[in-house]
Amino acid sequence: MARFRTWVGIALAGALSLSLAGCSSTGGKRAEDARKAASAQGKAAVNTPRWTFAMITHSGDGDTFWDIVQSGAEQAAVKDNINFLYSHDDEAQQQAQLVNAAIDKKVDGIIVTLAKPTAMKSALDRARKAGIPVITVNSGSAESKDFGALTHVGQDETIAGEAVGEELNERGRQKAICVLHEQGNVGHEQRCDGVEKTFDGKVQRLYVNGTSMPDVQSAIEAKLQTDKAVDAVVTLGAPYADTAVKAKQGAGSKAEIDTFDLNAKVAAGLEDGSLGFAVDQQPYLQGYEAVDLLWLYKYNADVLGGGRPVLTGPQIITKDDAAELADYTKRGTR
């Protein structure tokens with residue numbers, strides 16, 4: 001893919017000190033049906049014991065970003081003969097309770113996100129004391145090792161933000177707003193931090209109520225109407241990109257809309273020019289590798305990463321890449 005620019009080289013240099021948190025997209029029934037069909041038809045490629053792994057994420061309801069993570073995890077679970085349990089809650093205390101419930105079930109391994117690390121620490125301490133191996137995924141790379149996890153799988157959010165800042169420079173942008181849709185998510189702040197670090201222009205943060213798309217749209221539209229100097233809007237999740245496009249149209253603005261994360265609508269927006277670029281952190285790979293690494297640990301005591309996060313991104317995706325990725329987004333693996 002001609003325009004992919006992988007920042008892995010830079011990320012490896014910074015991976016020890018930087019942290020990350022995930023983001024989200026809207027959900028649908030098609031991805032769920034595809035996962036069920038694939039799982040029903042799949043066969044294990046190994047004859048190891050049927051261990052039970054639990055994945056607990058900070059996803060809200062109806063979130064296609066996490067549909068893709070879950071799909072990758074389920075496919076790896078089929079291959080590895082794993083009984084896979086998935087649960088989620090966007091409230092940190094509730095997510096911690098789900099981790100404790102998995103521990104009570106005496107699962108053989110836990111995969112967990114750390115979007116709000118402080119609330120999760122005691123639950124992960126309990127998992128460690130119970131002898132249950134843990135892998136963190138998507139969010140929490142800075143806390144992962146201290147919390148006793150084997151490794152972390154995901155994107156470094158600060159470096160992802162730096163990639164966005166560099167891309168905005170290449171596009172000649174002068175003033176950007178960074179739209180934060182989830183209060184308290186450390187990864188979202190890190191993304192905007194990264195943009196500010198490398199972008200030569202000005203960056204303003206716009207906090208919105210991510211649970212209400214009408215509120216998001218009106219907030220972005222109001223900002224674009226009052227500040228005509230804004231020539232770039234950076235959203236931190238795929239569904240918010242489409243909402244930002246609508247806000248741009250309502251405000252009569254010429255600002256470019258760019259986004260973190262990828263889904264079918266984002267791919268279509270890149271192709272038709274309504275979006276400038278997207279940052280892909282490969283959520284399918286995050287779920288798949290997390291299950292696979294837990295299986296490797298249980299089977300062979302393997303640990304990947306050497307104390308550093310296993311990076312799945314970022315990759316800058318533009319119109320040149322959109323057509324090739326469209327089929328993957330429709331099947332729910334990108």
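1. A friendly start with the rings: this is a predicted model, and the count of aromatic pairs in it comes to three. F65 and W66 make one of them; their planes stand at 75° with the ring centres 5.2 Å apart, so the pair is edge-to-face. F65 is buried at a relative accessible area of 1%, and W66 is buried with a value of 1% too.

2. Y284 and Y288 form a stacked pair, with 6.1 Å from centre to centre and 25° between the planes. Both sit in helix α12 (residues 283–300), four residues apart, which places about one helical turn between them. Y284 is partly exposed, with a relative accessible area of 21%.

3. One more ring deserves a look: K79 lies over the face of W295, 6.0 Å from the ring centre.

4. Now to the packing. The largest nonpolar core counts 27 residues, and I220 and V233 have the most contacts inside it. At least two residues each come from β7 (175–180), α9 (213–226), α10 (238–251), α11 (264–272) and α13 (319–330). The biggest contributor is α10, with seven residues.

5. A second, separate core has 21 residues, among them M55, F84, V153 and V291.

6. For the overall picture, the protein has 13 helices and 13 strands, and 57% of its 334 residues count as buried. Among contacts with a separation of 6 or more, 77% join residues 24 or more positions apart. The protein exposes about 13700 Å², of which carbon and sulfur atoms supply 47%.

Key: Residues numbered from 1 in each chain as written. Predicted model: local features only at pLDDT ≥ 70, side-chain atom pairs only at ≥ 80, totals over all residues. Heavy atoms only, no water. Core = buried A, V, L, I, M, F, W, Y, C linked by side-chain atoms within 4.5 Å. Buried < 20%, exposed > 50% of the residue type's maximum accessible area, 1.4 Å probe, protein only. Contact = heavy atoms within 4.5 Å. Areas by Shrake-Rupley, 256 points an atom, 1.4 Å probe, with all protein chains shown as cover. Phe/Tyr/Trp six-rings, centres within 6.5 Å; stacked < 30°, edge-to-face > 60°. Lys NZ or Arg CZ within 6 Å of the ring centre and 35° of its normal.
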